[in-house]
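Reader: Could we go through the charged pairs and the nonpolar packing in this structure? I would like to begin with the packing.

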Amino acid sequence: MSTLEIKDLKVGIETEQGFKQILKGVNLEIKTGETHAIMGPNGSGKSTLASTIAGHPRYIVNGGEVLLDGENVLEMSVDERARAGLFLAMQYPVEIPGVTMTNFLRTAKTALDGEAPKLRTWTKDVKEAFDKLRIDPDFAARNVNEGFSGGEKKRVEILQLELFKPKFALLDETDSGLDVDALKIVSEGVNRAQSENEMGTLLITHYTRILRYIKPDFVHVFVDGHVADQGGPELADRLEDEGYDRYLAKA
Amino acid sequence: MAESITTPRPKGAPLIAGFTEEGEDLSPMNLATTNVSPLGGDAVKAHSHGGGDGVPDSSRAGRLASFEIEDFAPLTGREEDWRFTPLKRLKGLDRLELSQDGAPALRLEISEGDTELAVTLEEVAKDDPRVGFMAPEDRVAANAWAGVETVQLLTVPAAAAGEVIVLHAEGNSDVASAQHVAVVAESGANATVVLDHTGTAVLSQNVEIDVKDAADLTFVSLQRWEDSAAHASDQQARLGRDAHLKHTVVSFGGDLVRVTPSARFTAPGGEAEMFGLYFADAGQHLEHRLFVDHAAPKCTSNVLYKGALQGHDAHTVWIGDVLIRAEGEGTDSYEANKNLVLTDGARADSVPNLEIETGLIDGAGHSSTTGRFDDEHLFYLMARGIDEKTARRLVVRGFLNEIIQKIGVASIEDRLHEAIEAELAQTDN
């Protein structure tokens, strides 16, 4: 079992108006096999948390730590974090011209495992993963995310999640922009990865809709850069009814 | 290609030659010439047909086209269409009397498909009715027409069904010379024609491309010259009804390369794709100016040129003129230029121009970007465990690969991949 600990994490960004503090001391602990939903209004810092853990250079950490089984994640480069077992499913996956999905997937898998995957099993694994997420096999020959619809990009993120088998997945608003069918397909992919790989999941979402398909063990409510409330799955039901207003009023 | 990508720069010289606080500037070599010559500057400008000092022609449609070199005034470097070109490095192509001696001989090869196909390469007179249908649009092109006595005419028969036809143009002379090539794709023909320039030459070249009704022609012009070459190539195409032209320019070698491709629609239903890839090293000047003339309704054009630059005084110029005339109702057009700057001291000029004379179009747009690596691309790849160096390699190759992918001929693609690897090895990318 692995543990991802976030301790009093403080993060900001440089803006034209100067430094802006976004996370103001976040504490969370996630174990493999657990699913944590992070919910909250827009601008509360949910996505900042995910991007900071993954190491996006835009975010500046000015306090606290992130530990993966006791190892300081913040001292690792972006690729080292991925190789340590962290996976960020991006909110806005970028298009990379001229790099085919096939080439990208194999290069990443090789980097993550430290050796090239066996060609025959890899080809089979990729094909199965495409099938399960109902992605057109022709996409393998296309360039990474190029010309994919919003929903297709999200499916391709989950495809990678299934193929790369991380210890912890950070899902940054993976549900946004998905219709009901796509939401189901994507959720099934996350659930498969969870049950097959004993994965820990940090599910960032604005809406409770995805929680019908991916059952959280814990729900944390983010407001103004810190955890304002937490509880079990019942907290999500309450948010469904009441929204975030009562937290915002306090803030 | 230069020996070294880092050249010492004189003290006080701007980091990027010719780049002043005003932004884009004339080629510094031209400035020096016009300032010291009593015949330079305004005295010459008054005779110019090509607009004035940095002032564009009011319309691309109004540009002079003529087979007579006398109709074009001597170049000063202040003309709109010459203002970025270091004229001295044309090595006389604009002012010397040219002849066919010294021009690269053409060798025909059908490299894929039916090698028995009746493709012909003939040497025909200039007054042959099949050639000379596109009048030169600048002095250097008109000088080439004046300098040649014959035209090399390649005819792709209607029976062509996907053949790859290569014209090997291997130069071995530094004498200023002229060449005129005509490519005719007969109605319904489907083929790829590759004009592959290697060796060295000082060459003003006109290429006429006639894509007849319903023909589907991929034309690829490869500039794989040695370091010393100077090459101006005016590549004008006309498209018949429902004709499709994929025109691709790849410029890697040469001291100065200036390619001016154009596509003119003469009947409805035509489609022109115009792609380009260039890689400039220290001291190289690679210029591409293209023109798409939507003079017929319901035609489509898509333009994408991508370039990489590395080293001091690596200079690329891209000008994209798209004209949608009043007749061009139902036009759909897009043009884009993207430049990737790999080191300090390189300069990329990029000017998309779009003129629209009718509101009844399906779409028209343009974009231009010039910059370093996209950090978001690197982040995406590294977030999947790929180390930074490998991620950079993927991004750079991917950037350039996008055009190569469009050529669709495996043997050429392999050759270009090798050339790119050799270029990138110089800067450890």
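Author: A nonpolar core here is a set of buried Ala, Val, Leu, Ile, Met, Phe, Trp, Tyr and Cys residues joined through side-chain atoms within 4.5 Å. Please keep in mind that the model is predicted.

Reader: Understood. How many residues has the largest nonpolar core, and which have the most contacts inside it?

Author: The largest nonpolar core has 117 residues. Those with the most contacts inside it are A:Leu49, A:Phe104, A:Leu105, A:Leu159 and A:Leu161.

Reader: Which element gives the largest share of this core?

Author: That is helix H5 (residues 388-407) of chain B, which contributes nine residues.

Reader: And what is A:Leu49 in contact with, leaving aside its neighbours within four places in sequence?

Author: With those neighbours set aside, A:Leu49 is in contact with A:Ile6, A:Leu9, A:Leu23, A:Val26, A:Leu28, A:Ile38, A:Leu202 and A:Phe222.

Reader: What does the second, separate core include?

Author: The second core has 55 residues, among them B:Ala103, B:Ala169, B:Val193 and B:Leu245.

Reader: Turning to charges, how many salt bridges are there over all chains?

Author: A search of the whole structure finds 36. One of them joins the side chains of A:Glu95 and A:Lys153, at 3.5 Å from N to O.

Reader: Where do A:Glu95 and A:Lys153 sit in the chain?

Author: A:Glu95 is in the loop between strand S6 (86-89) and strand S7 (96-100) of chain A, while A:Lys153 belongs to helix H5 (residues 150-164) of chain A. The pair links distant parts of the chain, 58 residues apart.

Reader: Is A:Lys153 buried or exposed?

Author: A:Lys153 is buried because its relative accessible area is 17%, and the cut-off for buried is under 20%. A:Glu95, at 33%, is partly exposed.

Reader: Which residue forms a salt bridge with B:Asp321?

Author: The partner is B:Arg60, with the closest N and O atoms 3.0 Å apart. B:Asp321 lies in strand S13 (residues 315-324) of chain B and B:Arg60 in the loop between helix H2 (42-45) and strand S1 (105-112) of chain B, so the pair ties together parts that are 261 residues apart in sequence. Both B:Asp321 and B:Arg60 are buried.

Reader: Which residues do salt bridges with shared partners join into one network there?

Author: The network consists of B:Arg60, B:Glu137, B:Arg264, B:Asp293, B:Asp321 and B:Arg325.

Reader: Lastly, what about A:Arg246?

Author: A:Arg246 forms a salt bridge with A:Glu242, and their closest N and O atoms are 3.0 Å apart. A:Arg246 is partly exposed at 29% relative accessible area, and A:Glu242 is partly exposed at 39%.

Methods: Residues are numbered from 1 along each chain as its sequence is written. Chains are lettered from A and ligands numbered from 1 in the order in which they are written. This is a predicted model: local features need pLDDT of at least 70, side-chain atom pairs count only at pLDDT 80 or more; totals for chains, interfaces and linings use all residues. Side-chain values use heavy atoms; hydrogens and water are left out. A salt bridge is a side-chain nitrogen of Lys or Arg within 4 Å of a carboxyl oxygen of Asp or Glu. Helices (H or I, at least four residues) and strands (E, at least two) are DSSP runs, numbered from the N terminus. Buried means under 20% relative accessible area, exposed over 50%, partly exposed in between (1.4 Å probe, protein chains only). Contact means heavy atoms within 4.5 Å.
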